[in-house]
Amino acid sequence: MAAAAAEEEESSPRSSSSPPTQMTSISRHSFGESGQPHAFTLEIIENMQEDYGMFIWPCSIALAEYVWQQRSQFSGATVIELGAGTSLPGLVAAKVGAEVILTDDSSRLEVLDNIRKMCDLNKVSCKVMGLTWGEWDTPLFSLAPKIVLGADVLYDTNDFDDLFATITFMLQNSAGSVFITTYHNRSGHHLIEYLMPELMQALEYHRATCLSAGPQDDSTCH
């Protein structure tokens with residue numbers, strides 16, 4: 001990692017007028033015992049000078065390990081990762097045979113570009129899509145995932161309503177779908193048992209809205 005950073009620094013020398021050199025590194029994450037037929041290693045491009053979407057958080061590693069351990073449930077399934085960032089869980093899902101859509105905020109073009117680079121680097125075919133929570137862009141209505149992944153997406157209370165609205169829509173739009181998340185308890189009020197009533201309320205609100213909208217909108221209300 002140090003060698004890669006040094007090489008980049010040499011190719012982009014600093015001057016008094018140039019921006020700081022980006023501290024880019026590649027971390028490697030292995031799944032399965034070495035020598036096993038299904039084992040693999042993923043390479044993740046991280047940038048320590050960018051925001052939280054450009055390096056791996058512990059929750060992402062935990063969720064990726066869960067996907068690996070439950071790989072038989074993911075093989076052949078349509079999977080969406082919300083707030084994917086470095087996309088480790090989604091990339092693992094793709095490696096074990098899922099059809100994966102990796103999403104992050106539509107305005108974070110550098111993060112979306114980094115996701116595309118990691119798909120190429122790890123030789124996986126994933127759809128990369130800008131998706132801002134709470135915004136009802138046309139591509140959202142075509143999504144019908146079997147599994148929705150979100151690693152540490154409960155970190156900012158300001159995003160809860162928009163996040164829950166997006167999760168609710170996806171779960172209602174695909175019968176039998178599930179939301180799987182790992183989270184970091186940064187505050188007692190962020191405990192999952194406190195958040196679940198809010199999510200259930202969002203689900204009920206979405207259902208009520210669909211019922212009142214009438215039959216013409218029934219295609220997006222299940």
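**From fold to residue**

Mentor: Gladly, and keep in mind that this is a predicted model. Of the protein's 222 residues, 43% count as buried.

Trainee: How many helices and strands does the protein have, and what pattern do they follow along the sequence?

Mentor: The secondary structure comprises 7 helices and 7 strands.

Trainee: Among contacts with a separation of 6 or more, what percentage comes from residues 24 or more positions apart?

Mentor: Here we count the contacts in the protein whose separation is 6 or more. Residues 24 or more positions apart account for 66%.

Trainee: Are H2 and H4 roughly parallel or roughly antiparallel?

Mentor: Two packed helices are described by the angle between their axes and the distance between them. For H2 (residues 58–69) and H4 (residues 88–95), the axes lie 8 Å apart and the angle is about 15 degrees. Angles under 35 degrees count as roughly parallel, so H2 is to H4 roughly parallel.

Trainee: Which residues make that contact, and how many of them are nonpolar, polar or charged?

Mentor: H2 contributes Ser60, Ile61, Leu63, Ala64, Val67 and Trp68, while H4 contributes Leu88, Pro89, Val92 and Ala93. Sorted by type, the residues of this contact come to 9 nonpolar, 1 polar and no charged.

Trainee: Is the crossing of H2 and H4 left-handed or right-handed?

Mentor: Handedness is another property of this pair to look at. The crossing of H2 and H4 is right-handed.

Trainee: Why is H4 described as largely enclosed by the rest of the structure?

Mentor: The buried residues of H4 are Leu88, Pro89, Gly90, Leu91, Val92, Ala93 and Ala94. H4 is largely enclosed because its buried residues number 7 of the 8.

Trainee: Which residue just after H4 has a positive phi?

Mentor: Look just past the end of H4 for a phi of about 105 degrees. The residue that takes this positive phi is Gly97.

Trainee: Is Arg108 buried or exposed?

Mentor: Arg108 sits in the loop between strand E4 (99–104) and helix H5 (109–121). Its relative accessible area is 14%. Buried means under 20%, so Arg108 is buried.

Trainee: How far is Arg108 from Leu131 in space, C-alpha to C-alpha?

Mentor: In sequence, Arg108 and Leu131 are 23 residues apart. In space, their C-alpha to C-alpha distance is 9.8 Å.

How values were computed:
Residues numbered from 1 in each chain as written. Predicted model: local features only at pLDDT ≥ 70, side-chain atom pairs only at ≥ 80, totals over all residues. Heavy atoms only, no water. Axes fitted to C-alpha atoms, helices over the stretch in contact; angles between N-to-C directions. Helix = DSSP H or I, 4+ residues; strand = E, 2+ residues; numbered from the N terminus. Parallel < 35°, antiparallel > 145°, perpendicular 65-115°, else oblique. Left-handed = near helix turned anticlockwise from the far one by under 90°. Contact = heavy atoms within 4.5 Å. Nonpolar A, V, L, I, M, F, W, Y, C, P; charged D, E, K, R; others polar. Buried < 20%, exposed > 50% of the residue type's maximum accessible area, 1.4 Å probe, protein only.
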